[in-house]
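Please read this briefing alongside the sequence and the model.

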Amino acid sequence: MSSAPPSGPDPAVDPASLALHPFIRDLVDRLLAASPLAASGPEAMRRANDPVARALFGQARPVERVEDRVISHGGLSLSARIFIPASARGALVYLHGGGYVLGGPEVYDSLCRNLALDVGCAVVCPDYRLAPEHKFPAAVEDAYAALAWTAREFGGPVALAGDSAGATLCLAACLLAGDRGGPRPVGQVLAFPCADMSSFGTESHRRYGRGLFLTVELLAFFRDCYLSDPAQARDPLVSPLLAPDLSHQPPTRLILAEHDLLRDEALALARRLREAGAPCEATVQPGMIHGFFGMHGIGPKENGLAEAASFLRRVLSGENP
């Protein structure tokens, strides 16, 4: 599978011309103008990226209990970090982003604490297997195992949430749950998912595929790490937009960035979900780029946390989203 970007002239916009949020503008200027991380390989990328990502989520807030556990389902065992506030109703499985290559519960510790406290639920963040050491479908099976374990362990309503690759894993876990007879989440929050890895040809790919953190080249690098066969890019568990049936997806809130190369395919996903009868609302946050969800330097209304928490509180309480 080639990592080459689409051929033809490069019509990408100049990041300097975009009306970015001031925090995002500073981030682009300070951190994202460096050489592509992909050039250094997965291990070096993790050493460089994970501390920066952890800092962007801000200082950890105190939670009643934080446990590192080994969770098991269907012969699979994986580590997970569990965040339990003093008063918890229901549970949330949070699947972290990072292109299936980066990230983990320690990186997302502060974000998961914020969700546990703001939603008022237990949050389970599984340490799913990463690529390229573990190819597709390892992460998908781990995501489903975490959903099934959480439903069994907590015994109440369960929701899903994730960002980027983690958001795609939420969709994939729901597809598996439909095929395997459950469990069915009461809702899911998806921050800028990669809905179609088979093609990088949307208008947002062309406009925002350079110079804004997640580039076309970096996306292709992640794809090549994750998949062992180019044909897998058309598997619905990799590209949920291509799934013939999305009716098993729960009520969904999509949180998207205006200047994100994945924006258009996520909006197409929202249309497909509604056509399949799955309630879905998508919001596009102006001035934002891929990865903005939960960044502490942006207010909770602008970084999507307040929207996510409000939606999750409603679905976990049995209310209509």
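**Briefing on the predicted model**

Threonine 168 is buried, with a relative accessible area of 0%, and its place is in helix α5. The structure discussed here is a predicted model, with a mean pLDDT of 93 for the protein and 94% of the residues at 70 or more.

**Confidence**

- Over residues 1-10 the pLDDT stays under 50, and for this stretch the model has 17 contacts beyond four places in sequence.
- Where pLDDT is low, the predicted coordinates should not be read in detail.

**Surroundings of threonine 168**

- Leaving aside residues up to four places away in sequence, threonine 168 touches Tyr100, Pro193, Cys194, Val238 and Pro240.

**Histidine 290 and its polar contacts**

- Histidine 290 belongs to the loop that runs between β8 (280-289) and α9 (305-316), and with a relative accessible area of 5% it counts as buried, because that value is under 20%.
- Two polar contacts involve the side chain of histidine 290: one is with the side chain of serine 164, at 2.8 Å, and another, of 3.0 Å, is with the side chain of aspartate 260.
- When residues up to four places away in sequence are not counted, the residues that histidine 290 touches are Ser164, Phe192, Phe213, Leu214, Ala257, His259, Asp260 and Leu262.

- Serine 164, which histidine 290 touches, lies in the loop between β5 (158-163) and α5, and its phi is near 55 degrees, a positive value in a residue other than glycine.
- The relative accessibility of serine 164 is 11%, so this residue counts as buried.

**Packing of helices**

- Two packed helices are described by the angle between their axes and the distance between the axes.
- For α4 (138-154) and α5 (165-180), the axes come within 9 Å and cross at roughly 70 degrees, which makes α4 roughly perpendicular to α5, and the crossing is right-handed.
- In this pair, the contact is made on the α4 side by Ala139, Val140, Glu141, Ala143, Tyr144 and Leu147, and on the α5 side by Leu169, Ala172, Ala173, Leu176, Ala177 and Arg180.
- For helix α3 (residues 109-120) and α9, the axes come within 9 Å and cross at roughly 50 degrees; the two helices are therefore oblique to each other, and their crossing is right-handed.
- The residues that make the contact between these two helices are Leu111, Asn114, Leu115, Asp118 and Val119 of α3, together with Leu305, Ala309, Leu312, Arg313 and Leu316 of α9.

**An enclosed helix**

- In helix α7 (residues 216-226), 10 of the 11 residues are buried, so the helix is largely enclosed by the rest of the structure.
- Those buried residues are Val216, Leu218, Leu219, Ala220, Phe221, Phe222, Arg223, Asp224, Cys225 and Tyr226, and what covers them includes α2 (42-56), α4, α5 and α6 (203-208).

**Cis peptide bonds**

- Phenylalanine 136 and proline 137 are joined by a cis peptide bond with omega of about 15 degrees, and proline 137 is placed in the loop between β4 (122-126) and α4.

**Leucine 31 and arginine 69**

- Leucine 31, found in helix α1 (residues 22-31), is partly exposed, with a relative accessible area of 36%.
- Leucine 31 and arginine 69 are 38 residues apart along the chain, and their C-alpha atoms are separated by 34 Å.

Terms used
Residues numbered from 1 in each chain as written. Predicted model: local features only at pLDDT ≥ 70, side-chain atom pairs only at ≥ 80, totals over all residues. Heavy atoms only, no water. pLDDT = per-residue confidence, 0-100. Contact = heavy atoms within 4.5 Å. Helix = DSSP H or I, 4+ residues; strand = E, 2+ residues; numbered from the N terminus. Buried < 20%, exposed > 50% of the residue type's maximum accessible area, 1.4 Å probe, protein only. Polar contact = N/O pair within 3.5 Å; in protein donor to acceptor, adjacent residues only side chain to side chain. Axes fitted to C-alpha atoms, helices over the stretch in contact; angles between N-to-C directions. Parallel < 35°, antiparallel > 145°, perpendicular 65-115°, else oblique. Left-handed = near helix turned anticlockwise from the far one by under 90°.
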